[in-house]
Every structure is written in structure tokens, then in C-alpha cells.
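Hi there,

Here is the structure I promised to pass on to you. Please open it alongside this email, and then read on for what turned up.

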Amino acid sequence: MSARICPSILSADFANFDSELKTISESDLIHVDVMDNHFVPNLTFGLATVKRLQELSTRPLDVHLMIENVDKWAIEYAKLGVFSVTFHAEATAEPIALAQEIRRSGSRAGLALKPKSELAEYAHTLQHLDQLLVMTVEPGFGGQPLIPSTLDKVAAARKLIDQSKLECWLQVDGGIDSNTIALAAEAGADTFVAGKAVFDSVDRNQRIRELRALAEQQT
Ligand code: DX5
Ligand code: ZN
């Protein structure tokens, strides 16, 4: 299996995205955390900034929406031409319809689950998704330790995806570093978000390569 590494620019210098993006040129995807201070108790940036990032980035953007009113907003991000738009299951009553709408706009559709959300409740949505994001911390902030019990959900999701032979990618986000990435890969993740672990490194591309190698050793 090849592991995808998605550095999260939540840990980047927000006043210098252009130069920050150049330091992570070996990313598989660039993870972009949109927070609205309502769905999560933190605020990042919105559509105008993501539009500019889409113009600047040489790597595909993986947009993670931690916002309310996602039925209205998700499609606006998809229309920017970003690679994928992931919304939270807890923020919509119509996850399948929203995923279909995102796909129709040309982006891949992802569904994210907070640590306390049950996978079983959303198992029926998997066939409509390009990506399932299992949050391995409570969404809102970078630099938190991975919650070990969330890896059981990753393992259960891997089972469902394989049993039904789905193409759905399985992403983890939160507390992924050189110590935890192997555990997440072992549980069945194939796509890994890493904020602090990448941005705290002196050579960020080297760290991306290290993380990818550690994940790939497990599979
Ligand atoms: C948290 C965000 C993450 C965050 C991860 O709510 O969704 O993408 O940037 O940061 P680390 O890797 O530092 O835990
Ligand atoms: Zn994220």
C-alpha cells in the first residue's frame, strides 16, 4: 500500500502561506482546516483564503470543513476546484446528498467523524464517499495527543471498506507523528494528516518522507 501524507497548514505561518507551501512540496495532499468558531471553538480562514491557496499550491488541496451550515458552504469550496472537500457528519442531516453534490462539482467527497461519533450510524454512507476521515483527536486545535481508542474505529472502518470492496480512502487526523503513524497504519489508515509533526521539523520534506516510510512499513 502506498501511504498518503497530508501536512496540515493549521501549523504553518498564516501570514506566509506562499513560502510555507514551498517547504512541503513533497506532500501528497495539502490539508486545509477551515474552522468557524461555532462548530469548533477555533477560527482559521474561509473561502477567499482557500481560493488563493488553490491558486498558489502545486499540490492538491484536501479541505477539511469544521463549520456549521455545511449544506450551504461545502459546495462553494468544491466549486473552487479543490481536490477534496470533507465535511463533518455531525454538521449535516443529509450526508449522502451532500457528498453527491460535492462529487457533481468535481471534487472528491469526504465524511469526517468526531471521536465520539459512531461509525455504525454512517456505515451506509461509505459507498457514496471518496474518503472517510476518522478524527483521532477532538477537532479544533493542532498539537493534541492522539486518542488511542479512536484507532478501534479506524480498524472497524477498514473492515467495512474492504468487505464491500470500496475505493474509499481512510484518513486519520490529529496527533499523527513518528511514534503514532505506524499504529494508525496498522489499524488500516492509508491517508495521514500531520500538522505539528511536519511543521516543527527543520527539513519538512524529509519528515514527510520519514512518515510515509513508517506508514508503509506496516502494510
Ligand atoms: C484539528 C485539525 C488537524 C490538525 C492536526 O482539528 O483537523 O488537521 O491540524 O494537527 P496535529 O497533527 O498537530 O495534531
Ligand atoms: Zn484537519
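Below are my notes on the metal site and on the ligand beside the sequence above. Please keep in mind that this is a predicted model.

Let me start with the zinc ion (ligand 2). Its protein donors are His-31 through NE2, Asp-33 through OD, His-64 through ND1 and Asp-173 through OD, at 2.1 to 2.3 Å from the metal. Along the sequence, these donor residues follow the spacing H-x1-D-x30-H-x108-D. Why is the arrangement octahedral? Six donor atoms surround the zinc ion (ligand 2), and the angles they subtend run from 71 to 172°, which makes it octahedral.

Now for ligand 1, which sits in the largest pocket. Which residues are the closest to ligand 1? Of the 20 residues that surround it, the closest are Ser-8, Asp-33, Gly-140, Asp-173 and Gly-195. Asp-33 and Asp-173 are also zinc donors.

For the polar contacts, a polar side-chain atom of Ser-8 is 2.7 Å from an oxygen atom of ligand 1. Asp-33 likewise places a polar side-chain atom 2.8 Å from an oxygen atom of the ligand. From Gly-143, a backbone N or O atom lies 2.9 Å from an oxygen atom of ligand 1. On its own, ligand 1 exposes 380 Å², and the protein buries 99% of that.

Terms used:
Residues are numbered from 1 along each chain as its sequence is written. Chains are lettered from A and ligands numbered from 1 in the order in which they are written. This is a predicted model: local features need pLDDT of at least 70, side-chain atom pairs count only at pLDDT 80 or more; totals for chains, interfaces and linings use all residues. Side-chain values use heavy atoms; hydrogens and water are left out. Donors are N, O and S atoms within 2.8 Å of the metal (3.2 Å for Na, K and Ca); water is not among the atoms, so sites may look incomplete. Four donors count as tetrahedral if all angles lie between 85 and 135 degrees; four count as square planar and six as octahedral if opposite donors are over 155 degrees apart and all others between 65 and 115; anything else is irregular. A residue is near a molecule or strand if one of its heavy atoms lies within 4 Å of it. A polar contact is a pair of N or O atoms within 3.5 Å; within protein, one must be able to donate a hydrogen and the other to accept it, and residues adjacent in sequence count only if both atoms are side-chain atoms. Accessible areas come from the Shrake-Rupley method with a 1.4 Å probe; for residues, only the protein chains shown count as cover. On a 1 Å grid over the protein atoms alone, a cavity is a set of points where a 1.4 Å probe fits but cannot get out, and a pocket is an open set with protein on both sides within 12 Å along at least five of seven lines; lining residues have an atom within 4 Å of a point. A molecule sits in a cavity or pocket if more than half of its atoms lie within 2 Å of its grid points.
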